[in-house]
Amino acid sequence: MLKLVVILVQIGGVLGVVLLHVAYLTYLERKVLGDMQDRLGPMEVGPHGLLQPIADGLKLFFKEDIIPAGANKIIFSAAPILVLIPALIGFAVVPFGRDSLHIGPLELKPVITDINVGILYILAFASLGAYGILLGGWASNSKYSLLGGLRSAAQVISYELSLGLALVGPILLSQSLSMVKMTEAQGGGFWKWFIIVQPIAFVIYLICAIAETNRLPFDLPEAESELVAGFFTEYSGMRFAFFFLAEYANMILVSCIATVAFLGGWHAPLPFLEFIPPVVWFIGKVYLFLFFYIWLRATVPRLRFDQLMAFGWKIMLPLSLANILVTSTVVYFLNR
């Protein structure tokens, strides 16, 4: 019974923290973009606009929920949930820190569960999100939504392959699919982080992760100027909010994976800095990736769809296969 309570508390805690970060990531993005464009960003709701995410959430909650004529109501309603749940469920295997928190008889670990196929678990559930986008676009009975859904499916399939192959390098080096063991294999200083010996895999992962989350310069499925927001053109109210939450939750999730696979997870860059709590290092690295996302949105123009597909199949895929070939050969001879 106590074990069940611990698991439920951990799941509730992780979900609460992730959703809080999702809400304030939208605030951070608007502030950073405002600064880069020489304007203030949100300033009216609360001091320096700090309550703006709450105001946005309340607005979407009370907004009229419209289902377009001719839409498939069941699939139209289920699609946003099918996108949001896979985005949240991946956090179950992410190790956020090293030390457990003790509250009376309860021991709260910094990871909900450590399974020996953690990376495969995340990749499998993350790929389900594409079905939600595709079904939402099809069920809306709108040509813009359908085109957005088809674009997203093609984009996700193209880049998911290279993204998975980019993670094979860290898996070979740590000899484990567990996120916890992958983090432990990089302890002792930044020179042991996998980004040092896998720089090509890191760049491939970074580019593919941006494409997977439909962010600029790869936001073709939403392209406002061409598809009027794409697959969620017809959505409003809380269903629109679910798509929004899923996008930002996916951004945080791919940043967590990059932190674990390439930047040493919760490890400090130098041994004498280990006195700083590991969770602080983890959050700092994740926000470094998130800032990179926002910076790209402010500076890089959107690609054409044919350029996007050609880049994925003709450059990213051969490069990731070559990286695996070289890495596996080196690991084989080193372990002989």
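Q: Which residues do ring pairs link into a cluster here?
A: Keep in mind that this is a predicted model. In it, F202, Y205, F262 and F289 are joined into a cluster by ring pairs.

Q: How many aromatic pairs does the structure hold?
A: There are 14 aromatic pairs. One of them is Y235 with F243, where the ring centres sit 4.9 Å apart and the planes make an angle of 75 degrees, so the pair is edge-to-face.

Q: Why edge-to-face?
A: Because the planes of Y235 and F243 are at 75 degrees, and over 60 degrees counts as edge-to-face.

Q: Are those two buried or exposed? Start with Y235.
A: Y235 is buried, at 5% relative accessible area. F243 is also at 5%, so that residue counts as buried.

Q: And what kind of pair do F244 and Y248 make?
A: That pair is tilted, because the planes are at 50 degrees, with the centres 5.1 Å apart. F244 and Y248 are both in helix α11, four residues apart, which is about one turn of the helix.

Q: How much space lies in the second largest pocket?
A: About 600 Å³. The second largest pocket has 27 lining residues, and V14, V17, F96, P110 and V279 are nearest its centre.

Q: Where does the largest share of that lining come from?
A: From α1, which supplies seven residues to the second largest pocket. α1, α11 and α12 (278-299) each bring at least two. By class, the lining of the second largest pocket splits into 19 nonpolar, five polar and three charged residues.

Q: Now S255. Where does S255 lie?
A: S255 is in helix α11, which runs over residues 237-262. At 1% relative accessibility, S255 counts as buried.

Q: Which backbone oxygen lies 2.8 Å from a polar atom of the S255 side chain?
A: The one from M251.

Q: And what does S255 touch, if you don't count residues up to four places away in sequence?
A: On that basis, S255 touches V286, F289, L290 and Y293. F289 is also one of the residues in the aromatic cluster.

Q: Last one: V32. Which helix is V32 found in?
A: V32 is found in α1, residues 2-36. It counts as buried because its relative accessibility is 15%, and the limit for buried is under 20%.

Q: What is V32 in contact with, leaving aside neighbours within four places in sequence?
A: V32 is in contact with F291 and I294.

Q: And how many Å separate the C-alpha atoms of V32 and E234?
A: They are 29 Å apart, with V32 and E234 being 202 residues apart along the chain.

Notes. Residues numbered from 1 in each chain as written. Predicted model: local features only at pLDDT ≥ 70, side-chain atom pairs only at ≥ 80, totals over all residues. Heavy atoms only, no water. Buried < 20%, exposed > 50% of the residue type's maximum accessible area, 1.4 Å probe, protein only. Polar contact = N/O pair within 3.5 Å; in protein donor to acceptor, adjacent residues only side chain to side chain. Contact = heavy atoms within 4.5 Å. Phe/Tyr/Trp six-rings, centres within 6.5 Å; stacked < 30°, edge-to-face > 60°. 1 Å grid on protein atoms, 1.4 Å probe; cavity = no way out; pocket = protein on both sides within 12 Å on 5 of 7 lines; lining within 4 Å. Points joined across faces, edges and corners; volume = space filled by probe spheres on them. Nonpolar A, V, L, I, M, F, W, Y, C, P; charged D, E, K, R; others polar.
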